[in-house]
Amino acid sequence: MTARKTPPRPKKAPAGKAKPSAGQAKDDSAGGLPSRERVLAFISETEGNIGKREIARAFNIKGSDRIPLKRMLRELEAEGLLEKDGGKKLRRPGELPAVTVLEVTHTDMDGDLIAKPLNWSGEEPAPLIVIVPEKRRGKRYAGDAPTGVGDRVLARIAQNTDEPDTYPYEARVIKRVGKGAERVLGVFKADARGGRILPVDKKTRHEFEVGRGDAGDAGDGDLVMGETIPGKQHGRPRARVIEVLGNRDDPRVVSLIAIHAHGIPDAFPEEVVKSAARMRHRGLKGREDLRDIPLVTIDPADARDHDDAVWAMPDDNPKNEGGHIVIVAIADVAAYVRPGEPMDEEAKKRGNSTYFPDRVVPMLPERISNDLCSLREKEDRACIAVRMTFDRHGTKIGHEFIRGLMKSAASLTYRQMQEAIDGKPDDKTGPLLDTVLQPLWNAYQTMLKGREQRGPLELDLPEYRIGFDDNGKVVQVKEYERFESMRLIEECMIQANVCAAESVEDKRKRVIYRVHDGPSRERIMALAEFLDTLDISFSKGEVVRPQNFNRILKQVHDTEHDRMVSEVILRSQAQAIYSPDNIGHFGLNLRRYAHFTSPIRRYADLTVHRALIASLNLGPDVKKDGQPEEEERGLEEIATHISMTERRSMMAERDSKDRFIAQYLESRIGAEFKGHISGVTRFGLFVKLDDNGADGIVPIATLGAEYFHHDEVGHALVGERSRTTYRLGEAVRVKLAEAAPITGGMRFELLDGGSTGGSTGRRNASGRGRPGTSRRRGPQKSGAKPKGKRKTGSPGKGRRR
């Protein structure tokens, strides 16, 4: 973001001796009233607190001449050319005073605190201000400095010469003056005095008191957004209702909670909606006609938009016997969403679509995502396609990009495709089987050879699908059906993404890569120690590759340790992010990889499309649709932002699933379930149910009347006396004791599970025992102390690959 800049100011004049500007006329010193322009210039160009007295002194205005000066200043203020800075001091609207109050809004990627002026009257957005750290006594910020986002500080403002385009000003904190109002999302419970807000965040332990005059239109049971207000020093904190979002009895309010709790934009600005409504389909002009190629879309049964289509045939080149041609066509979103336009800015802000079990918060308006850019069956659609050639070993030996016009021959589901290949075609897939589907399947079998040679990480953990009735109530939670046809589409998309990264890189143009770093040494050491407890060897010294993990996964496949080892290996991995600096993709075992195949729902893909259009001169309208230099220069900032929005969406999606499942199980309190231990902590066990993926906690207080040690290496809790061990991944049987749909929290009681013969104090790499955490549970003799105890503190299409 580039904020409005103001002219540099000269050094601050001594207090009470404001210095006239350089343009001041000599005869001003002789007294008399200066012009309006000179007064305004003086106020703009002079640092310090400027009021009527300082202006009179600077222009040598004395006696009765001060009366017309006062009148002039009132007129300038009435015309909006001047304003008072809280008291009698004057400033130009949209300019920052030398000393002002700031509110810390966020931290940047370097960890610096970024703020905005609390009172800003300019027509343009308030400028971003970086707070300059002052290292004193070993502290990053000095004195009574800000501690985090939301703090308010009195600060001295100066021009920022290091990075003026990003942060025009820098601030040095004088003192911290308080904390701004905080938002609280919760359920309103009415009472005689007004009511209370029960926060939806399970980490918030207290409720908020709402006075009768602060409840607004909120009714009992409504989901509300509140704002904290100053209250009594002791007792329940206070808040006021600022927005009513819905009623908790509406099943659809669950995803609404996640949307607001994570700050996901869910309403498009009016100008964006109108802009989308005015758009029309792009025709054949300047494009290659691909409509005779029977491309098909293959998606989940509930897919609302179709942004990719595929087709394949044997390569008829005699020099590539046994090879295949594969075409992947992607919706040409760049033809509709152009850089710098309001729709583009909104898409960039959102970063990606967010998928909840009952709704989608799209990155683009439905006119674009579900109509103009959805590759609908039998309808012409603009596309960017990549034609790839594979040899008989599944190695890609060439590719080219095409900007074309396509017509989908059929819109199929994964199940339809799989059943057709398995010999059970239906009325739709039957006519396509020999000419379209079987050649595509044959090409996939060849591509698999290349995949197996490459050796990507092959983690296979279950995902769960939530089903609803017509009223939005959860009626079913079950594991996703997985078909080999899903892997077919995934492999086609991976190869297309590789082609995109290679083509842009070959043209020496910058691009946002999808990068995935290898596991850190610390995580590798911890994993090796854990595997050692299972008598599984894992070399800590060699260079780790995905194949190392695949060997372990194959070794434990279909054993009692299968799920446990998969969970621990997953936790050892780094998180994939977006970056213009390529470090490769560890999980896919690829040197270069850039998301290209989902521009409807990922902004990263849209930037890659623009880079391809610009670098390969893909017409039509290359200048309008291609990536401008300004966007290319800002790729670091874009990559950082969309990595954040992706994490935000992941957390919101997970939270909504937890709440929907808790809603589903709320009526089954007391029911028994089979599950496995999905997490081990110092305060208890997390258990995931096998039937529906529900996650809940078994508090350590309910495990038995003894002390339990937390074995961090072995991911286990071990009983002090009985040696009963509860280890990650072990099968258990539990009873549902509590389910809270509003927070998504569930509590279980353990009925069966665990093993005997466990141990604590396992040896770590240094040969020293790793400390555990002991917990006393159950009745014991008064004053009794345990002996020898150590007390310490301690689906679909690879959407995010």
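These legends describe close-up views of a predicted model.

**View 1. Helix α4 packs against helix α17.** Helix α4 covers residues 253–261, and helix α17 covers residues 635–665. Their axes come within 9 Å and cross at roughly 150°. Angles over 145 degrees count as roughly antiparallel, so α4 and α17 are roughly antiparallel to each other. The crossing of α4 past α17 is right-handed. On the α4 side, V254, S255, I257 and A258 make the contact. On the α17 side, the residues are A652, S656, R659, F660 and Q663. By class, the contact of α4 with α17 holds five nonpolar residues, three polar and one charged.

**View 2. Helix α5 packs against helix α6.** Here the helices are α5 (residues 270–278) and α6 (residues 342–350). The angle between them is about 120°, and their axes are 9 Å apart. The two helices are therefore oblique to each other. α5 passes α6 in a crossing that is left-handed. E271, V272, S275 and A276 of α5 meet P342, M343 and E346 of α6. The contact of α5 with α6 divides into four nonpolar residues, one polar and two charged.

**View 3. F468 and F660 form an aromatic pair.** The whole structure contains seven aromatic pairs. One of them joins F468 and F660 in an edge-to-face arrangement. The ring centres are 5.1 Å apart, with 80° between the planes. This pair links distant parts of the chain. F468 sits in strand β22 (residues 464–468), F660 sits in helix α17, and the two are 192 residues apart. F468 is partly exposed, at a relative accessible area of 24%. F660 is buried, at 0%. F660 also belongs to the α4 contact of View 1.

**View 4. F708 and Y726 form a tilted aromatic pair.** Centre to centre, the rings are 6.1 Å apart. Their planes make an angle of 35°. F708 lies in strand β29 (residues 708–711), and Y726 lies in strand β31 (residues 725–727). The pair therefore ties together parts that are 18 residues apart in sequence. F708 is buried, with 1% relative accessibility. Y726 is buried too, with a relative accessible area of 7%.

**View 5. Helix α12 and its buried residues.** Helix α12 covers residues 546–556. Its buried residues are P546, N548, F549, N550, I552, L553 and V556. Helices α11 (521–533) and α13 (562–572) are among the elements that cover them. F549 is also part of a ring cluster, in which ring pairs link F538, F549 and F586. After α12 comes D558, which has a positive phi, near 65°.

View 6. I384 is buried, with 0% relative accessibility. Its contacts, leaving aside neighbours within four places in sequence, come from several parts of the numbering. They include V328, A329, I330 and D332. F401, I402 and R403 are also in contact with I384. V328 is 56 residues from I384 in sequence. In space, the C-alpha atoms of I384 and V328 are 8.6 Å apart.

Note on methods:
Residues are numbered from 1 along each chain as its sequence is written. This is a predicted model: local features need pLDDT of at least 70, side-chain atom pairs count only at pLDDT 80 or more; totals for chains, interfaces and linings use all residues. Side-chain values use heavy atoms; hydrogens and water are left out. Axes are lines fitted to C-alpha atoms, for helices over the stretch in contact, and angles run from 0 to 180 degrees between N-to-C directions. Helices (H or I, at least four residues) and strands (E, at least two) are DSSP runs, numbered from the N terminus. Angles under 35 degrees count as roughly parallel, over 145 as roughly antiparallel, 65 to 115 as roughly perpendicular and the rest as oblique. A crossing is left-handed if the near helix is turned anticlockwise from the far one by less than a right angle, and right-handed if clockwise. Contact means heavy atoms within 4.5 Å. Ala, Val, Leu, Ile, Met, Phe, Trp, Tyr, Cys and Pro count as nonpolar, Asp, Glu, Lys and Arg as charged, and the others, Gly among them, as polar. Rings of Phe, Tyr and Trp (its six-membered ring) pair if their centres lie within 6.5 Å; planes under 30 degrees apart count as stacked, over 60 as edge-to-face and the rest as tilted. Buried means under 20% relative accessible area, exposed over 50%, partly exposed in between (1.4 Å probe, protein chains only).
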